[in-house]
Amino acid sequence: MEARDLLGKLRKKIDAIDFEILKLVNQRMEHTLRTRKLKANIADPGREQEIMAGIRRRSNALVGPDFSEHLFKVIINESKLLQQKELKLIGFQGEHGAYGEVAIRIVDQSLLPIPCLEFVDVFDEVVNGQLDFGIVPVENSLEGAVTQVNDLLVEADVQNIKIVGEVKIPIHHCLLALPGTDYREIKVVYSHPQALAQCRGFLSGNKLDSMPYYDTAGAAMMLSKEKPRAAAAIASKLCAELYNLEVLFENIEDNETNATRFLLISNKESNKAGNKCSIVFSTEHKAGALFNILKIFSDAGLNLTRIESRPMRNDPGKYAFLLDFLGSNREQTVVDTLEKVKKETAIFKFLGCYSEL
């Protein structure tokens with residue numbers, strides 16, 4: 001190999017390492033912002049001394065202790081500056097680049113996205129105040145209800161979880177690959193099973209094998225880290241930016257109307273007037289019970305936009321219903337209607353009044 005080719009190859013490796021360093025620094029900053037909610041003061045000299053002692057102890061290779069200490073002092077100072085800004089944190093399920101993060105960027109770009117492993121983690125960390133908000137998908141135009149999220153809404157303590165907004169985003173899938181990849185060499189594509197199913201026509205037409213993965217963004221991250229041969233990932237366009245990947249093809253989904261509705265949740269009610277309400281209720285197990293509830297809304301002239309039934313995990317054999325309708329809880333008609341519904345239900349929870357963002 002010529003010196004010039006070798007130099008180019010080494011520089012590509014350096015660029016990849018620099019990319020990983022920046023990503024890790026960003027992750028560290030996210031964790032320091034979360035610690036701010038658990039301590040009285042930003043400055044913690046004892047903790048800083050502990051960090052520096054560990055850094056100096058581990059700096060026994062090319063990077064010496066003085067350089068390492070200087071580097072981490074800069075990082076810690078930047079962390080403290082970020083903590084002073086009191087940024088609002090919002091959790092989403094999946095890795096960075098997931099469609100939940102795409103939705104966050106549409107809702108409010110000043111919110112700081114925090115990845116969570118599971119939907120229940122988003123709910124739990126909103127309840128305990130680690131996160132100011134959470135964003136969760138409640139239904140997809142092609143796949144229907146997101147059952148895990150609906151179950152969590154059914155089980156939610158309405159004193160600690162309120163819906164404060166919603167946003168519907170189009171889901172556009174991209175085929176992502178490592179920089180410089182020749183798409184003709186790609187044999188296998190990694191992604192979440194739903195994304196693979198939504199791009200079945202593209203995959204079949206290009207004779208590509210599907211390889212299910214736990215998350216669309218997770219597949220993109222794996223591709224960037226592990227660099228499997230002859231492989232690509234299906235994920236959002238945002239993932240290309242976050243994981244240093246190339247977009248080979250955009251909008252590869254079979255159905256261009258594919259869209260997901262996300263709910264914004266908080267542990268406090270919204271102080272803004274909304275135009276849509278969500279409730280959870282269950283009825284006595286008798287004929288006509290659900291009809292009687294729906295008739296109350298019909299008689300009041302309130303338009304129902306969704307009704308979903310879910311089995312109650314803590315009461316086998318019984319079902320709870322999630323119902324959305326247009327109207328504001330500041331309107332007397334809505335207030336009176338909800339009072340009538342309460343009297344006809346075994347369980348009643350008002351999840352919130354909100355607007356589309």
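Author: Helix 1 contributes 10 residues to the lining of the largest pocket, the most of any element. Helices (H or I, at least four residues) and strands (E, at least two) are DSSP runs, numbered from the N terminus. The model is a predicted one, in which local features need pLDDT of at least 70 and side-chain atom pairs count only at pLDDT 80 or more, while totals for chains, interfaces and linings use all residues. Residues are numbered from 1 along each chain as its sequence is written, and side-chain values use heavy atoms, with hydrogens and water left out.

The pocket has a lining of 34 residues, and Asn26, Glu30, His96, Glu101 and Pro113 lie nearest its centre. Two or more lining residues come from each of helix 1 (3-36), helix 4 (99-107), strand 2 (112-116) and helix 10 (237-242). The volume of this pocket is about 840 Å³. On a 1 Å grid over the protein atoms alone, a pocket is an open set of points with protein on both sides within 12 Å along at least five of seven lines, a cavity is a set where a 1.4 Å probe fits but cannot get out, and lining residues have an atom within 4 Å of a point. Grid points are joined across faces, edges and corners, and a volume is the space filled by probe spheres set on the points. By class, the pocket lining holds 18 nonpolar, eight polar and eight charged residues. Here Ala, Val, Leu, Ile, Met, Phe, Trp, Tyr, Cys and Pro count as nonpolar, Asp, Glu, Lys and Arg as charged, and the others, Gly among them, as polar.

Strand 12 (276-282) and strand 14 (319-326) each give two or more residues to the cavity lining, and strand 14 supplies the largest share, three residues. The cavity lining divides into seven nonpolar, one polar and two charged residues.

A nonpolar core is a set of buried Ala, Val, Leu, Ile, Met, Phe, Trp, Tyr and Cys residues joined through side-chain atoms within 4.5 Å; buried means under 20% relative accessible area, exposed over 50%, and partly exposed in between (1.4 Å probe, protein chains only). The largest such core has 33 residues, and Ile135 and Leu176 have the most contacts inside it. Helix 9 (residues 216-226) gives the most to this core, with six residues. Leaving aside neighbours within four places in sequence, Leu176 is in contact (heavy atoms within 4.5 Å) with several residues, including Ala220, Leu223, Cys239 and Val247. A second, separate core of 31 residues includes Ile75, Val126, Leu131 and Val154.

Finally, the cysteines deserve a word. The structure holds zero disulfides, a disulfide being a pair of cysteine sulfur atoms within 2.5 Å. Cys174 is buried, at 2% relative accessibility, but its sulfur is too far for a bond, because the closest cysteine sulfur, in Cys239, is 9.1 Å away. Cys353 is likewise in no disulfide, and the nearest cysteine sulfur, that of Cys277, is 3.6 Å away.
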